[in-house]
Amino acid sequence: MKILTIDIGTGTQDILLYDSRLNIENGFKLVLPSPTMIVHNRIREATRQKQPVLLTGVMMGGGPSAWALESHLKAGLPVYAIPSAARTLNDELEKVKRMGIQLVSEDEALRLADSTTRIEFRDLDLPAILSVFTQFGVSLSDLAAVAVAVFDHGDAPPGISDRQFRFDYLDSRLRNQASASRNNPLSSLAFLREDTPSIMTRLQAVAASAEKLDCPLVVMDTAPAAVLGATFDPLVGKRKPVIIANVGNFHTLAFRLGERPGGGTGIEGLFEHHTGEIDLPKLESLLHRLADGTLKHQDVFDDMGHGALMYSTDPMVFNSAALDVVVTGPRRSMFYSQESSGSIRPYFASPFGDMMLAGNIGLLAATADVLPDLAEPILASLSGTGGSGFAPWDA
């Protein structure tokens, strides 16, 4: 059984092809530029060549692509966009127009195609990924599922903060600590394509980009996927309670995990902040307050973060000799800073020997929850009892 997992971040898209015949360490993996970085470079090249840009496709991750468009407009060059692509920049299209971007219909886009540099927006480019594996003799015609993670603010109504909207959404999904049918409450943030909430427009766009896929598609939020994946580090998996922080390029999200009544993992609290708005002392303070139960939503929201949720105010006492704080993510090097108070000495999780693939491992675990018919071999592999050290594979 093969499952293709794709964790799409700001800097990279991390890809793991799970094959139940092999142990996970022998699975084929790729770390490639993220879609928004690819788009960023294409826009910059159009700016260099002084070419108008036409944006087509669907909503995708912003950041670098949006910065490149701002530079393109400042250079006095036109940007045209169909509405579905323009929502990458803002769900409210009037705000997109105020940026100087000219909205056009599909028919108008066809007429502009020959006089502009056409750039298609999409987070998920399955044909490109499949072609890479095909060039190395690996066939993906027999996939049992595809699982994709992206970060989604959601479609906040006009006048509502997208930060508050996202946290209200997280609260609504996590408050019941997930359904009894799921092994881990973090997988309550994963969905089959047909069950994706309509308010999660970026997840919806990923689903639309895979409309020709003839196997199940699972979509999930990136940071919870990384945190879930970190729990499969053999040392982390033995710890409860534990705080696991994913320090991403744009967002830092930390979950406090404990024992759920009746057994299993429960979520006791979390916070999410913009990585660019915090330094190490601030992050350590947030982690301490998450641990002792005193962290308030407004503490984070009023500091330009997304917010905090506390489901337990019972204090968790730090033990510097234990794995009380676990860190993963591309900006985890923040903890190497000399600014540290020394009160937190985190453990850097590397599930199956690879920190970069924490999100992919979380996607696998969530897929086992969302598609229970596939669960047995996945859970055997994640427990280390499935697959083999090496086995010949057929294309």
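Visitor: On strand E4, which residues sit on one side and which on the other, and are they buried or exposed?
Guide: Val53, Leu55 and Gly57 are on one side, Leu54 and Thr56 are on the other, and all are buried. Both faces of E4 are covered. Keep in mind that this is a predicted model.

Visitor: How many of the residues of E4 are buried?
Guide: Five of the five, and E4 spans residues 53-57, so the strand is largely enclosed by the rest of the structure.

Visitor: OK, and in what sense do E4 and E5 pair?
Guide: Parallel, over three bridges, with E5 covering residues 79-81. The chain gets from E4 to E5 by way of helix H2, residues 64-74, and that β-α-β crossover is right-handed.

Visitor: What stands opposite Leu55 in E5?
Guide: That's Ala81.

Visitor: And how many bridges join E4 to E7?
Guide: Five, and the two strands run parallel, E7 being residues 117-121.

Visitor: Switching topic. Where is Met37, and what does it touch?
Guide: Met37 is in helix H1, which runs over residues 35-48. Leaving aside residues up to four places away in sequence, Met37 touches Thr10, Gly11 and Pro64.

Visitor: Why does Met37 count as partly exposed?
Guide: Because its relative accessible area is 26%, and partly exposed means between the 20% cut-off for buried and the 50% one for exposed.

Visitor: What about Thr196, buried or exposed?
Guide: Thr196 counts as buried, because its relative accessibility is 8%. Thr196 lies in the loop between strand E9 (190-192) and helix H8 (201-209).

Visitor: Which residues does Thr196 touch?
Guide: Phe191, Leu203, Gln204 and Val219, again not counting residues up to four places away in sequence.

Visitor: How does the lining of the largest pocket divide into nonpolar, polar and charged?
Guide: There are 16 nonpolar residues, 24 polar and nine charged.

Terms used:
Residues numbered from 1 in each chain as written. Predicted model: local features only at pLDDT ≥ 70, side-chain atom pairs only at ≥ 80, totals over all residues. Heavy atoms only, no water. Buried < 20%, exposed > 50% of the residue type's maximum accessible area, 1.4 Å probe, protein only. Helix = DSSP H or I, 4+ residues; strand = E, 2+ residues; numbered from the N terminus. Pairing = 2+ DSSP bridges. Right-handed = clockwise from strand over helix to strand, strands pointing away. Contact = heavy atoms within 4.5 Å. Nonpolar A, V, L, I, M, F, W, Y, C, P; charged D, E, K, R; others polar.
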